[in-house]
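Thanks for coming. I will take a few minutes on one model, starting with its charged side chains.

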Amino acid sequence: MFSYQKRLQYPVNINKKDVRMAKYLVTQYGGPNGELGAALRYLNQRVSMPDNVGRALLTDIGTEELGHVEMLQTMIHQLTKDATLEELRAVGLDSNYAEHGSGIFPTDASGVPFTAAYFATTGDALADISEDMAAEQKARAVYENLIDLTDDPNVIGPLLWLRQREIVHYARFKELFEYYKNKDSSTSINTPSSLDITNGMLDNMNFDFTNMMMRRMF
């Protein structure tokens with residue numbers, strides 16, 4: 001059961017139209033390393049985790065990824081708001097317009113639609129968590145590429161925040177991997193404090209976004 005809060009995890013207030021950036025950004029919505037695939041991957045894998053430690057972590061991160069989807073949808077909408085057909089055609093989004101009008105649709109940057117083939121489930125905790133760690137690192141790399149493609153601080157800010165969440169998720173998955181790996185060889189394993197569902201495992205890590213943005217822009 002989910003409780004929905006009617007706000008974005010990080011504020012998105014883009015006031016400068018940039019349809020080309022929207023075309024790039026959509027890959028983190030519906031591309032192979034995007035947030036939609038991540039959410040479905042984790043929420044699907046959670047049911048085969050061997051205990052509540054794994055199920056809780058995958059549920060929490062999978063749910064957060066749905067919030068990231070919401071952020072990206074908002075960013076893409078704001079970047080394309082009031083775009084003319086000529087502007088869409090100039091960046092190759094006229095085919096998207098033909099199918100979806102002014103709506104957005106989950107694809108990669110080349111227009112390839114989202115597919116469930118982007119993620120897998122083996123039923124093996126260590127194998128699935130290994131995939132999850134790799135997915136977070138690939139998403140981080142894509143966000144860094146996207147940051148390089150814009151100089152709009154209202155776009156860079158949310159992208160930096162999303163990038164940092166990939167780093168946090170990777171760290172949590174790495175801890176879960178070690179927890180299950182050690183559990184296989186021990187009968188008395190304590191749950192790491194960072195994986196304790198009562199210990200705020202998904203709280204933001206300390207991170208200076210302002211300084212990073214300044215380094216990126218100058």
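R140, E144 and R163 are linked in a network of salt bridges, a salt bridge being a side-chain nitrogen of Lys or Arg within 4 Å of a carboxyl oxygen of Asp or Glu. The whole structure has 7 salt bridges.

Before the others, the ground rules. This is a predicted model, in which local features need pLDDT of at least 70 and side-chain atom pairs count only at pLDDT 80 or more, while totals for chains, interfaces and linings use all residues. Numbering starts from 1 along each chain as its sequence is written, and side-chain values use heavy atoms, with hydrogens and water left out.

R41 pairs with E131, the closest N and O atoms being 3.2 Å apart. R41 counts as buried because its relative accessibility is 4%, and E131, at 22%, counts as partly exposed. The cut-offs are under 20% relative accessible area for buried, over 50% for exposed, and partly exposed in between, with a 1.4 Å probe and protein chains only.

Next, E64 and R165, with closest N and O atoms 2.7 Å apart. That pair links helix α4 to helix α8 (residues 153–183), across 101 residues. Are these two buried or exposed? E64 is buried at 8%, and R165 is buried at 3%.

R172 and E175 also form a salt bridge, at 2.9 Å from N to O. Both lie in helix α8, 3 residues apart, about one turn of the helix. An α-helix has 3.6 residues a turn, so residues three or four places apart point the same way. R172 is buried at 11%; E175 is partly exposed at 26%.

Now the fold. The protein has 9 helices and 0 strands, taken as DSSP runs numbered from the N terminus, H or I of at least four residues for helices and E of at least two for strands. After α4 comes D82, with a positive phi near 65°.

Last, confidence. Mean pLDDT, the predictor's confidence in each residue from 0 to 100, is 89 for the protein. It stays under 50 over residues 187–191 and over residues 209–215.

Key: Contact means heavy atoms within 4.5 Å.
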